[in-house]
Amino acid sequence: MSDAFGFTPGVALPGGRGRTGVIATPHGTIRTPAFVVVGTQATVKAVLPEAVAAVGAQAVLANAYHLYLQPGADIVDAAGGLGAFMNWTGPTFTDSGGFQVMSLGVGFRKVLAMDAAGVADDDVIADGKERLAHVDDDGVTFRSHLNGDLHRFTPEVSMRVQHALGADVMFAFDELTTLKNTRGYQEASVERTHRWAIRCLAAHRELTAQRADKPYQALFGVVQGAQYEDLRRQAARGLADLAVDGQRFDGFGIGGALEKENLGTMVGWCADELGDDRPRHLLGISEPEDFFTAVENGADTFDCVNPSRVARNSAVYTADGRYNLLTAASRRHFGPVEDGCDCYTCAHYTRAYLHHLFKAKEMVASTLATIHNERFTVRLVDDIRDALEQGRFADFRDAFLGRWLAGRR
Ligand SMILES: [Zn+2]
């Protein structure tokens with residue numbers, strides 16, 4: 001820990017693990033719960049940083065794997081770090097690269113694996129795809145998705161890359177598993193991730209000392225353990241207690257395979273073991289119902305590519321569910337994407353115009369839809385935070401989900 005980074009818990013949800021809080025970083029504070037907008041390649045696709053600020057985003061998360069391959073972490077370092085490079089003055093996060101690296105090995109069926117029950121298989125790989133990543137006890141060897149070049153990520157490499165990228169919050173290098181992996185593999189993987197966490201803390205400590213002239217970068221340990229309560233608790237406890245020469249994790253990520261219906265339970269197991277003094281980031285979720293469940297069970301921050309990804313596929317979120325702007329229903333609809341929305345897109349443009357832009361394959365279609373979806377997502381988590389602060393979380397949740405779930409039918 002450092003004076004430059006800290007977490008102050010605020011209002012607690014009575015009878016639950018939910019809470020508000022403030023994360024302090026060298027580039028500003030984040031009021032939690034908060035949604036962190038994803039800018040994978042040091043840009044939120046299709047929108048300028050000014051628009052990211054205008055949707056109310058408090059922080060941006062970029063991807064260490066992508067930036068390591070292109071332009072190279074040394075370029076970002078020379079530019080003054082991720083924020084300076086991409087013209088984002090607020091707090092930044094980078095993930096460890098592990099998720100993307102290991103997705104090259106198993107990820108083609110990741111989503112399917114999340115839904116599949118019963119069949120356990122440690123060698124899951126999509127039909128017709130060559131395995132592009134191999135995990136061993138020391139790290140992961142993988143081929144670049146860009147040109148097929150061979151690379152190797154270890155905990156030390158991930159730490160060096162993330163220190164060079166210069167984000168305020170970094171994640172420890174962890175092994176990604178899927179629900180398809182056997183129980184035995186999950187056990188071995190949790191142990192491997194713990195050994196990697198120790199190496200990450202040691203490398204982080206050394207790099208922090210070497211780069212003492214740079215702003216402090218916080219390191220979050222990542223809890224794995226898939227759907228197993230004992231493994232999740234063991235992993236979380238191990239990370240919460242871990243100290244290498246006095247260096248501890250500044251916060252925690254909760255990652256990996258999970259079944260949607262068990263999301264809250266799983267987050268709760270982790271929160272129980274992680275203690276209340278450090279922030280908990282749930283990696284990769286953005287569906288409205290998941291935010292409520294996760295916040296209630298102790299998650300403080302979130303990130304996900306979905307709001308911008310689905311926007312580029314002409315799908316938009318509203319309080320009454322999600323719809324696609326390309327269908328005929330929007331062709332002559334001269335109201336906004338969502339009535340009452342305070343985003344730039346809804347203030348200035350009609351559904352009919354966005355329908356036209358998507359039909360005509362105009363680039364600004366993605367820009368306008370992304371602004372709406374990111375604003376919707378950031379605002380929802382902000383509203384959840386306000387509800388916690390004002391002691392009306394359950395009422396807000398029930399009212400929001402009543403409309404949202406009715407709209408989805
Ligand atoms: Zn809007």
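The structure is a predicted model, in which local features need pLDDT of at least 70 and side-chain atom pairs count only at pLDDT 80 or more, while totals for chains, interfaces and linings use all residues. Residues are numbered from 1 along each chain as its sequence is written. The chain has 16 helices and 18 strands, where helices (H or I, at least four residues) and strands (E, at least two) are DSSP runs numbered from the N terminus.

**The chain as a whole**

- With 409 residues, a compact globule would have a radius of gyration near 22 Å, and the chain agrees with this at 21 Å; the radius is taken over C-alpha atoms, and the globule rule is 2.2 Å times the number of residues to the power 0.38.
- Along the principal axes, the C-alpha atoms of the chain fill a box of roughly 60 × 50 × 50 Å.
- Of the 409 residues, 49% are buried, a residue being buried if 20 or more other C-beta atoms lie within 10 Å of its own, exposed if 12 or fewer, and partly exposed in between, with C-beta atoms placed from the backbone.

- Strand β4 (residues 34–38) is mostly covered, since five of its five residues are buried.
- In a regular strand the side chains alternate between the two faces of the sheet.
- From β4, Ala-34, Val-36 and Val-38 point one way and Phe-35 and Val-37 the other way.
- Strand β4 runs parallel to β16 (residues 301–304), to which four bridges join it, and Ala-34 stands opposite Thr-301 in β16; two strands pair if DSSP finds at least two bridges between them.
- Two bridges also join β4 in parallel to strand β5 (residues 60–63), where Val-60 stands opposite Val-37.
- Together with helix α1 (residues 49–54), β4 and β5 make a right-handed β-α-β unit, meaning that, with the strands pointing away from the viewer, the path from the first strand over the helix to the second runs clockwise.

**The sheet of β1, β2 and β3**

- Three strands in the order β1-β2-β3 form an open sheet with antiparallel pairing.
- Because β1 (6–12) and β3 (28–32) stand at the edges with a single partner strand each, one side of each is left without a neighbour in the sheet.
- Strand β2 (residues 19–25) pairs with β3 over five bridges in the antiparallel sense, and Gly-21 stands opposite Thr-32 in β3.
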